[in-house]
Amino acid sequence: QLQLVESGGGLVQPGGSLRLSCAASGFTLDDYAIGWFRQAPGKEREGVSCISSSGGSTNYADSVKGRFTISRDNAKNTVYLQMDSLKPEDTAVYYCAAGRFVSRHMCSIGGGYRYWGQGTQVTVSS
């Protein structure tokens with residue numbers, strides 16, 4: 001069974017950090033681009049970051065540039081999202097997703113992913 005599982009969410013104060021993990025089971029992540037998305041209550045889902053299957057290309061939403069860093073460890077079949085300088089507006093459920101693109105150097109924060117995790121809650125509050 002193909003599955004993505006997010007972990008690492010929680011409650012953090014503004015200015016704090018969290019590292020989210022996206023672990024795959026049933027398939028190898030190195031064949032897939034990975035995207036991180038988030039959805040806050042009452043808002044539409046938005047793309048946060050992505051990394052190509054080669055690991056050589058990354059993309060970030062303007063709202064998180066300079067604060068979030070995406071990386072992958074294919075040996076561990078896991079992708080990470082390091083989130084620093086967190087703000088209350090980063091509060092949301094965060095999802096990872098896996099998909100294949102026409103090039104191993106491509107990814108998108110706009111969509112195009114086939115497999116999705118169940119999400120992990122991130123709350124930034126004092």
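A residue is called buried under 20% relative accessible area, exposed over 50%, and partly exposed in between (1.4 Å probe, protein chains only). The structure is a predicted model, in which local features need pLDDT of at least 70 and side-chain atom pairs count only at pLDDT 80 or more, while totals for chains, interfaces and linings use all residues. Residues are numbered from 1 along each chain as its sequence is written, and side-chain values use heavy atoms, with hydrogens and water left out.

**Overall architecture**

The protein chain contains 0 helices and 11 strands, where helices (H or I, at least four residues) and strands (E, at least two) are DSSP runs numbered from the N terminus. Its order along the sequence is accordingly β-β-β-β-β-β-β-β-β-β-β. The C-alpha trace spans about 40 × 30 × 30 Å along its principal axes. The radius of gyration is taken over C-alpha atoms, and the globule rule is 2.2 Å times the number of residues to the power 0.38. For 126 residues a compact globule would have a value near 14 Å, and the 13 Å of the protein chain agrees with this.

Buried residues account for 44% of the 126 residues. Contact means heavy atoms within 4.5 Å; among contacts between residues at least 6 apart in sequence, 61% join residues at least 24 apart. The protein chain exposes about 6,300 Å², of which carbon and sulfur atoms supply 45%; accessible areas come from the Shrake-Rupley method with a 1.4 Å probe, and for residues only the protein chains shown count as cover.

As to charge, Lys and Arg count as positive and Asp and Glu as negative, whereas His and the chain ends are not counted. Each charge is placed at NZ of Lys, CZ of Arg, CG of Asp or CD of Glu. The mean positions of the 12 positive and 10 negative charges are 3 Å apart.

**Disulfides**

A disulfide is a pair of cysteine sulfur atoms within 2.5 Å, and the count by this rule is 2. With bonded cysteines counted along the chain, the pattern is 1-3, 2-4.

| Disulfide | S to S distance | Torsion about the S-S bond |
|---|---|---|
| Cys-22 and Cys-96 | 2.1 Å | 70° |
| Cys-50 and Cys-107 | 2.1 Å | about 60° |

The link of Cys-22 and Cys-96 is right-handed. This pair connects distant parts of the chain, with Cys-22 in strand β3 (residues 18–25) and Cys-96 in strand β9, 74 residues apart. Cys-22 is buried at 0% relative accessibility, and Cys-96 is likewise buried at 0%.

The torsion of about 60° in the link of Cys-50 and Cys-107 makes that disulfide right-handed. Cys-50 belongs to strand β5 (residues 46–51) and Cys-107 to the loop between β9 and β10 (115–116), so the pair ties together parts that are 57 residues apart in sequence. Cys-50 is buried with a relative accessible area of 0%, and Cys-107 is buried with 16%.

**Positive phi angles in loops**

Asn-77, a residue other than glycine, has a positive phi near 55°. Asn-77 occupies the loop between β7 (68–73) and β8 (78–83) and is buried, with a relative accessible area of 15%. Ser-85, also a residue other than glycine, has a positive phi near 50°. Ser-85 is placed in the loop between β8 and β9 (92–99).
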